[in-house]
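Subject: Structure handover

Hello,

Here is the structure I promised to pass on. Please have a look, then read my notes below.

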Amino acid sequence: MSPTDASGSRPGVHGPDGRHGVPVLSARGLTKSFGTNQVLRGIDVDVRRGQVLALIGPSGSGKTTVLRSLNGLETPDAGTLTIAGTGEGSPLAEALEIDFGGKVGKRERAALRDRSAMVFQHYNLFPHMTVVQNVIEGPVQVQKRPRSEAVADAERLLERVGLADKRNAYPFELSGGQQQRVGIIRALALKPQLLLFDEPTSALDPELVGEVLGVIKELAEEGWTMVIVTHELAFARQVADEVIFMDGGVVVERGPAAEILRAPRQERTRQFVKRLQHDV
Amino acid sequence: MPLDWDLVWSSFGPLVTGAVTGTIPLTLASFALGLLLALLVALLRLSRNRIFSGVARFYVSVIRGTPLLVQLFVIFYGLPNLGVKLDPWPSAIIAFSLNVGGYAAEIIRAAILSVPKGQWEAGHTIGMSGAQTLFRIILPQAARVSVPPLSNTFISLVKDTSLASLILVTELFRNAQQIAAFSQEFMVLYLQAALVYWVICLALSSGQSVLEKRLDRYVAH
């Protein structure tokens, strides 16, 4: 599951290859309105290779919209997005640049999805497929990798998250925590440049949160580049390198996780952190 | 009134033959074509293009708002006035397919809408195109939801094909009518015809249960 061994087919995508810290993603001036409600008012986001960025903020602050924009699930009205190329010899060697002010169609959204994969709050596993079928669906159907290879990868990933024996189970037979772990490896199996998490534990019973956070923490240690929308401030402090605090569609404050969560400079951040204090 | 058992036994042959060579193939062909048409109409109806969805809505409205017998007669007896002369079988298949297309389109549309939006998003996030997501993720789940109502349509169709006797298609009911007219045993023949229809529908109902069980294997009970 480590980015270096799982991504054999995409050399230089992640991990300790001497390129750690290179910018992977850079978004500038993202804006988005739903009707008259402006949810993003000019957001900049930068993520470097191997970095974990946590997006925090009250509901309605726009953090989920930012995350979904990175995966083409929402299309901002304006702004630009650049995702670095992955180096020579890889299918994604070239950098991807999208100007949301211009025409953004299927092709741009598809290109975004080639580079990132989302883990959803409500898992969104395919209920009519078994666990292993869920995990190999993207690699086999979209990336056209040989089925035997995809299955072998999936089995290795399942073993890593302790679900090898659930290989042929249907999602309804799993607990929420187990389903979310499958959700995570379904994303991992695609070997994306960027892993995106949309409140990955907020639909879980409290006693199941730990097992999912544990997996995400391992991924962070292995050097995956991740953007996480979360309400778990203690967790954000443990795994995130950087935190962005959003409110009302703007970035209120950003900086190293320890700094932002322990000693926020802005009053709005202070209040938010204080309200969730029992978490920290 | 003594029952003419010889007539009863000797009539089953032509009735079953009518079912096997008329009613059943007519039902199967019309249902298969009708389902394809219904899928297309459902997708048009769900399309964001107003012209597409308008055309689909109009079609469904006409089919559901007019009697099947009238549809059948327009195609078989009406079209020749416009220079289009069709034989009984093609006329019947066209009429029944169009009819199934209208009813099943609404069923399929509702079934597609019943699949949560998160399933589309999950398909997209693993890199699938809209068509891939539709065929691999959405329709298999919609199929489960639509089996009971589509089975109703299918079973109704078996019985509705008896109307084809009125445009000279040789099927179960037409054979019953002919023997009845000849023997004057109307009650016996029509009850026999009813019995054969009922047996076909019983078989279909049990097929439906098997299919439902199979498709239910991935949901909690």
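Val119(A) stands opposite Phe197(A) in β7(A). The two strands involved, β6(A) and β7(A) (residues 194–198), run parallel and share four bridges. Strands here are DSSP E runs of at least two residues, helices are H or I runs of at least four, and both are numbered from the N terminus. Two strands pair if DSSP finds at least two bridges between them.

This is a predicted model: local features need pLDDT of at least 70, side-chain atom pairs count only at pLDDT 80 or more, and totals for chains, interfaces and linings use all residues. Residues are numbered from 1 along each chain as its sequence is written, and chains are lettered from A and ligands numbered from 1 in the order in which they are written.

Back to β6(A), residues 116–119. Ser116(A) and Met118(A) point one way, Ala117(A) and Val119(A) the other. All four are buried (20 or more other C-beta atoms within 10 Å of the residue's own, with C-beta atoms placed from the backbone; exposed is 12 or fewer, partly exposed in between).

There is also an open, antiparallel sheet of four strands in chain A, ordered β2-β1-β4-β5. Its edge strands are β2 (37–48) and β5 (96–99), each pairing on one side only. Strands β4(A) (residues 78–83) and β5(A) pair over four bridges. There, Thr82(A) has Glu97(A) as its bridge partner.

Finally, Val227(A). Leaving aside neighbours within four places in sequence, its contacts include Val47(A), Leu55(A) and Leu196(A) (C-beta atoms, placed from the backbone, within 7 Å).

Best wishes

How values were computed:
Two residues are in contact if their C-beta atoms, placed from the backbone, lie within 7 Å.
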